[in-house]
Amino acid sequence: MAEIDSSGGGKKGGKKRSKKMSTKIDMTPMVDLGFLLITFFMLTTTLAKPVTMQLNMPDKTDTKETSPVKLSETLTVCPDENKVYYYQGIPTEAGTKLEVTDYSDTGIRKVITDLKAKVGSNFTLVIKPTKKAKYRNMVDMLDECAITNNKRYALLEIDPDTEALIKRSGK
Amino acid sequence: MPKVKAKRHSVSLDMTAMCDVAFLLLTFFMLTAKFRPEEAVTITPPSSISEKALNAKDGMLTISVSNEGGVYLATDDQMAREFMLERMANRYGVALTGEMKKNYMSSEIVGYPAGAMRQVLNMKPSEAKDKGFVKGIPIDSANNELSYWVGYAKLSNPELKVAIKGDQNSSYKVFADVIGTLQAQNINIFQLITSPENKPK
């Protein structure tokens, strides 16, 4: 190892030498620091990667007739800031019942999975975020679609009829 | 016969080589690490279970929506950026100087109304930010400048992918306006940038 014998060659000679220090240094803390930094850089570079979710909207210029969707196979959800309204049917009809739930696992996800199991593969989710909804709420709803493996969904602007229905229900 | 003693080795070992390796790796990671792109405002994207990584091979046009509802535009395609500026300046009758161009290219984001373009571009990007000029591109229906910026960017590079990075607490209405603006230009596929989240079982 890189050691230099500093013990001197006995007590011969009259020249007084200054005491030589060993050139060997303990590198353990330096290695520690090196690996700590490596770990830090490795973890931060891989964890900060953003992910994307693709959102496809229908072509507005395309006026081609699309396949009709049955009312009984459709669920309309209106994400609000902290809760989700949902109903089936036409908002202006008196028989349409508006329910309210939350974003938890047992909330809207259960509603979607239950109805999807009942309706089958033609199940369509219509998302109409309310005026108070945050961007996060919409992403949450798209996420629910991904979780429940529901590929048929539409993102629409909220219409006055639906707003009136929410107001009427008082929830 | 006396017992054979095992030869004792020194416990101290030479760490020079290990140290070399450690610092070589450290240098490598430090140099390859990409710094987070400059942001006009801090945006915390919502989390989603999506696992698709952001693919920016053909160029990205990122539209950021801040918490307050400001809309900012950024692109990593330098050609498209220059093209956008030239066309926008032309449209709004702003005479571009070399200084203005330099200031524009040194900042990654566009986030000011075209009316303030001359003022903003005559100062350094950091200065403009400090003075509060970078407030967002107007997107209301009477004066939709975002539509022009995006239109020119797409004209320069039709392959540009549109990514939307919204703050989780930004209003949905702004997002709907942005989507509406893009849909009017027949851009129907968006990449929503989110932060990863664990998939529920």
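Residues are numbered from 1 along each chain as its sequence is written, while chains are lettered from A and ligands numbered from 1 in the order in which they are written. Because the model is predicted, local features need pLDDT of at least 70 and side-chain atom pairs count only at pLDDT 80 or more, whereas totals for chains, interfaces and linings use all residues.

Helices (H or I, at least four residues) and strands (E, at least two) are taken as DSSP runs and numbered from the N terminus, and two strands are said to pair if DSSP finds at least two bridges between them. Within chain A, strand β5 (residues 124-127) is joined to β6(A) in the parallel sense over 3 bridges, and L125(A) has Y153(A) as its bridge partner in β6(A).

Strand pairing also links the two chains. Strand β1 (residues 51-56) of chain A runs antiparallel to strand β7 (residues 189-196) of chain B, and 6 bridges join them. Along this pairing, N56(A) has I189(B) as its bridge partner, L55(A) stands opposite F190(B), and M53(A) stands opposite L192(B). β1(A) also pairs with strand β2 (residues 52-53) of chain B, in the antiparallel sense and over 2 bridges, with A53(B) as the bridge partner of V51(A).

Within chain B, β7(B) is joined in parallel to strand β1 (residues 47-48) of chain B by 2 bridges, and S48(B) stands opposite P196(B). Strand β6 (residues 161-166) of chain B likewise runs parallel to β7(B), with 2 bridges joining them, and here I164(B) stands opposite L192(B). The chain passes from β6(B) through helix α7 (residues 172-184) of chain B to β7(B) in a right-handed β-α-β crossover, a term applied if, with the strands pointing away from the viewer, the path from the first strand over the helix to the second runs clockwise.

Helix α2 (residues 78-91) and helix α6 (residues 145-156) of chain B pack with their axes 8 Å apart, at an angle of about 130°. The two helices, α2(B) and α6(B), are therefore oblique to each other, given that angles under 35 degrees count as roughly parallel, over 145 as roughly antiparallel, 65 to 115 as roughly perpendicular and the rest as oblique. The contact involves several residues of α2(B), among them F83(B), M84(B) and R87(B), and of α6(B), including Y148(B), W149(B) and Y152(B); residues are in contact if their C-beta atoms, placed from the backbone, lie within 7 Å. The residues of this contact of α2(B) with α6(B) comprise 9 nonpolar, 1 polar and 2 charged, where Ala, Val, Leu, Ile, Met, Phe, Trp, Tyr, Cys and Pro count as nonpolar, Asp, Glu, Lys and Arg as charged, and the others, Gly among them, as polar.

Across the two chains, 39 residues of chain A are in contact with 46 residues of chain B. On the side of chain A that touches chain B, α1 (28-47), β1 and α3 (135-147) each supply at least two residues, and α1(A) gives the most, with 10 residues. The residues of that side of chain A divide into 22 nonpolar, 8 polar and 9 charged.

Methods. Axes fitted to C-alpha atoms, helices over the stretch in contact; angles between N-to-C directions.
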